[in-house]
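Let's take a walk through this fold, one piece at a time. Have the model open and follow along.

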Amino acid sequence: MTRYIIQWSEENSKPCDLPDDKPIYELIPSLVKECQLRETDEQQHPIQYELFDMSYNLLNKEISLAKNNQPPGATLYLADRNRRWFVSAAPVVPAPVKPPLLPLSGNLSIPAVVGLGLIVVIVILFTRMMTGSDGRFAASLPTLTIEPFVPNVTPSAVSTLAPPSTPIVPTPTKLSTLVPVLPTPTSLSPTLASTPTYLEIVSGVKPEYRSIKPELFFVGRTSFGAFLWQDSKLREKIPATEGYVVVSNGDQIEILARLGQVYQVRIHTNVLDPDDPKVIGAVGYLPAWIITDQDVPPTPTPKPRPSPTPKLRVVKVNEDDSPDCISMQIRNINANGWLLRIDGYQLFARFDGGGNARLCGVPNHAFTFSILDNKGQAVPGGQGIPAKGRDIFIGEWR
């Protein structure tokens, strides 16, 4: 067990001891309960929680924390993958404001006027530094011819910007080069890529798999499929408009959670009920092997039914014997030498080769009798048979 700090909102966090050798998808359900988070959204759909590192990177939940390179004591963010609470908490650097560009036509703006004024001042200073005391350029310097620059503005604006005594500004090749154009900066706030949706094609619904676990499958007059279940223990089927939600090969589903050998899924397309609103979008559970057709459990070997223990079935047929006698015939087994004995008395008669026996001198009240084999053991089904004088019985061995 390794201790990590789990944070599930801007204000809430707590240390948790977690196994760092188990895949993350096995840890998330217990963390959700530990942090007392909601398990379903407003539409009662299960909320899919994920773990993120401190750089807002989504951790791979198919592997362990150690394989995700998360050291002991690291802070991990627990969040709904569709509504990540820390997106609003991430610092956002404001984008710099673009400086205005000088217009190429029309009236000059105030920033353009300021720019032109700076250029005029620079030209005046340069002119005074390069002229002699008599106001002329030095002889060694080449003659500089300055062409007048007339901006495309109204006469009133020109007279305001530059008086007649102001030196003429050289014509720039491109007016926009006076002010550098800065590229529009991209946002510096952390960018979280949306989690893609992966659709799986069901491929493990095969008639020969029904003998593995018949209760998982639906068999109709013209269709065959696998039931979608409300719980991960696969005990309650999800109802559709008619009957239950059934998944067939070729259906598209989204894997919402992998819970060992059972997956939580959402149905996107359904061959049997393509337009049923209770089927399309239904969320439930399916065995993983029914979806992927991999790691299919072996077909169980049918256990032979034990043969029933044979015994004697005794039936009274009539009361036509003498008042102090009872008679019996045993069929379907060689009962030669067996005994018919009155319980509690030393009164008995022996069966002959035809399976017949007759005992006289029986009590003049109701009693019970038993049939003993050649070893003196009571025959199964031949114990404590109620009788009275005059009764005739048939015993059938089966």
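Helices (H or I, at least four residues) and strands (E, at least two) are DSSP runs, numbered from the N terminus. What we have here is a predicted model, where local features need pLDDT of at least 70, side-chain atom pairs count only at pLDDT 80 or more, and totals for chains, interfaces and linings use all residues. Residues are numbered from 1 along each chain as its sequence is written, and side-chain values use heavy atoms, with hydrogens and water left out.

Let's start with a loop. Tyr345 is found between strand 14 (339–342) and strand 15 (348–350). Tyr345 has a relative accessible area of 37%, which makes this residue partly exposed; the scale is buried under 20%, exposed over 50% and partly exposed in between, using a 1.4 Å probe and protein chains only. What does Tyr345 touch, leaving aside its neighbours within four places in sequence? The answer is Pro363 and His365, with contact meaning heavy atoms within 4.5 Å. Tyr345 and Phe369 are 24 residues apart in sequence, and their C-alpha atoms are 9.4 Å apart in space.

Now zoom out for a moment. The protein chain has 5 helices and 19 strands, and 34% of its 398 residues count as buried. If you take the contacts between residues at least 6 apart in sequence, 58% join residues at least 24 apart.

Strands of a sheet pair through backbone hydrogen bonds, either parallel or antiparallel. Here 4 strands make up an open sheet with mixed pairing, in the order 2-1-4-3; two strands count as paired if DSSP finds at least two bridges between them. Strand 2 (13–18) and strand 3 (49–52) are the edge strands, each pairing on one side only. From one strand to the next, the twist averages 35°. Axes here are lines fitted to C-alpha atoms, for helices over the stretch in contact, and angles run from 0 to 180 degrees between N-to-C directions.

Strand 1 (2–7) and strand 2 form a hairpin with 5 residues between them. Their pairing is antiparallel over 6 bridges, and Ile5 has Pro15 in strand 2 as its bridge partner. Strand 3 and strand 4 (75–80) also pair in the antiparallel sense, over 4 bridges.

Helix 1 lies across strand 1, strand 2, strand 3 and strand 4, and runs at about 105° to strand 3. Which residues of helix 1 (residues 24–34) are buried? They are Ile24, Tyr25, Leu27, Ile28, Leu31 and Val32. Because they cover an arc of only 145° around the axis, they end up on the same side of helix 1; the arc is that of the directions from the helix axis to the C-beta atoms. An α-helix has 3.6 residues a turn, so residues three or four places apart point the same way. Their cover includes strand 1, strand 2, strand 3, strand 4 and strand 9 (252–259). Just after helix 1, look for Gln36, which takes a positive phi of about 55°.

The structure holds 14 aromatic pairs. Rings of Phe, Tyr and Trp (its six-membered ring) pair if their centres lie within 6.5 Å, with planes under 30 degrees apart counting as stacked, over 60 as edge-to-face and the rest as tilted. Tyr56 and Tyr77 form a tilted pair, 5.9 Å centre to centre with 40° between the planes. This pair links distant parts of the chain, 21 residues apart: Tyr56 is in the loop between strand 3 and strand 4, and Tyr77 is in strand 4. Tyr77 also forms a tilted pair with Phe86, at 5.4 Å centre to centre and 35° between the planes. Tyr56 and Tyr77 are buried, and so is Phe86.

Last stop: strand 16 (residues 356–360). In a regular strand the side chains alternate between the two faces of the sheet. Strand 16 pairs with strand 13 (residues 325–331) in the antiparallel sense over 5 bridges, and Ala357 is the bridge partner of Met328.
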